[in-house]
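I opened this entry to keep track of what I looked up in one protein chain. I wanted to go through strands, loops and pockets in turn.

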Amino acid sequence: MNPSLFAYEQGTGGEPVVLLHGFGAYHGVWRPVASQLAATGHVIAYDLPGHGRSLDWPQAGPPRIAARAILADIERRRLKRMHLVGHSMGGAIAALVALVEPGSIASLTLLAPGGFGEEINAPLLRRYAAATAPDELQQCLAAMSAPDFTPPAVIVEELAAMRAAPGQRKKLIEIGALITRDGRQGVIPRDQLAALAMPVSVLWGTADPVLPFTQVENLPANMTLRPIEAAGHMLVEEKPDAVAGFILEAVAASRDSPAI
């Protein structure tokens, strides 16, 4: 039996918006954003390989493996064109998907994406990978957010429930070590990112303690930067209304852009 990724679907109509969460999360973190997007169209929120209900995906870990898994599921669903959104590690995966299948991506929205610079808060991410108790998770999420932000209790509780699954903690520790090897993250070459022809929006919190805002320096000219003032790394949780608004703006703008 071939493996399959879990995805939660909501809404109908139009080119779907595909959502890829960050490291250590699951599809449910998108709920406040997805509910707004689903009011106008079809939304697909994945559990990435090695996470949640996609825990058992073979060789889960490297972003390129995850990108291939997303591409295979897109082909299985016979999706011809979509709006792709990714946060953090999910942003790196979304960019890799867009590089492989640019003609399928109507717009690309990246939230504090991985792969834009070597700097990464490796100790915090490794601590987050190993956290299972609600108080540990709350402390990690708070440390990744702006100082005045309190992580939603429902997210903390659902992450704790997800990590209670046999093998989940071990897998996250493995992935966390992989994406922070030698205290650095892998980088997607800027010349490759500059070749993307679809509309690309980059949202980044100016107070990001995980992936520094300085990684937006020398952003390729084809990318539109959307700084989110005083926000940390957890943009989906911290600023769901702003995130949903920017995604809907990208969807609307893509209608004026020719297909690749």
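**Ground rules**

I noted that this is a predicted model, where local features need pLDDT of at least 70, side-chain atom pairs count only at pLDDT 80 or more, and totals for chains, interfaces and linings use all residues. Residues are numbered from 1 along each chain as its sequence is written, and side-chain values use heavy atoms, with hydrogens and water left out.

I also wrote down how elements are named: helices (H or I, at least four residues) and strands (E, at least two) are DSSP runs, numbered from the N terminus.

I looked up strand 5, residues 105-111, and asked how many of its residues are buried. I found that 7 of its 7 residues are buried, where buried means under 20% relative accessible area, exposed over 50%, and partly exposed in between (1.4 Å probe, protein chains only).

**Around helix 3**

I picked Ala94, which lies in helix 3. Its relative accessibility is 0%, so Ala94 counts as buried. I then asked which residues Ala94 is in contact with, leaving aside neighbours within four places in sequence. They are Leu20, Leu84, Val85, Gly86, Leu108 and Leu110, with contact meaning heavy atoms within 4.5 Å. I also looked up Leu71, which is 23 residues from Ala94 along the chain; the two C-alpha atoms are separated by 10.0 Å.

Ser104 sits in the loop between helix 3 and strand 5. Ser104 counts as buried because its relative accessibility is 14%. Not counting residues up to four places away in sequence, Ser104 touches Lys80, Arg81 and Met82.

Most residues other than glycine have a negative phi. Ser88, in the loop between strand 4 and helix 3, has a positive phi near 55°. Ser88 is buried, since its relative accessible area is 11%. Ala112, in the loop between strand 5 and helix 4, has a positive phi near 40°. Ala112 is buried too, because its relative accessible area is 0%.

**Strand 3 and its partners**

I turned to strand 3, residues 43-46, and found both faces covered. Val43 and Ala45 on one side, and Ile44 and Tyr46 on the other, are all buried. Strand 1 (residues 7-10) pairs with strand 3 in the antiparallel sense over 4 bridges, and Ala7 has Tyr46 as its bridge partner. Strand 2 (residues 17-20) runs parallel to strand 3, joined by 3 bridges, and Val18 stands opposite Ile44. Strand 2, helix 1 (residues 31-37) and strand 3 form a right-handed β-α-β unit.

**Pockets**

I needed the terms before the numbers. On a 1 Å grid over the protein atoms alone, a cavity is a set of points where a 1.4 Å probe fits but cannot get out, and a pocket is an open set with protein on both sides within 12 Å along at least five of seven lines; lining residues have an atom within 4 Å of a point. Grid points are joined across faces, edges and corners, and a volume is the space filled by probe spheres set on the points.

The largest pocket has a volume of about 580 Å³. Of its 35 lining residues, Pro63, Ala92, Ile179, Gln185 and Gly186 lie nearest its centre. Which helix gives the most to this lining? Helix 3 does, with 3 residues.

The second largest pocket has a volume of about 220 Å³. It is lined by 14 residues, with Glu15, Thr40, His83, Val251 and Arg255 nearest its centre. Helix 10 (residues 240-254) supplies the largest share of this lining, 4 residues.

How values were computed. Pairing = 2+ DSSP bridges. Right-handed = clockwise from strand over helix to strand, strands pointing away.
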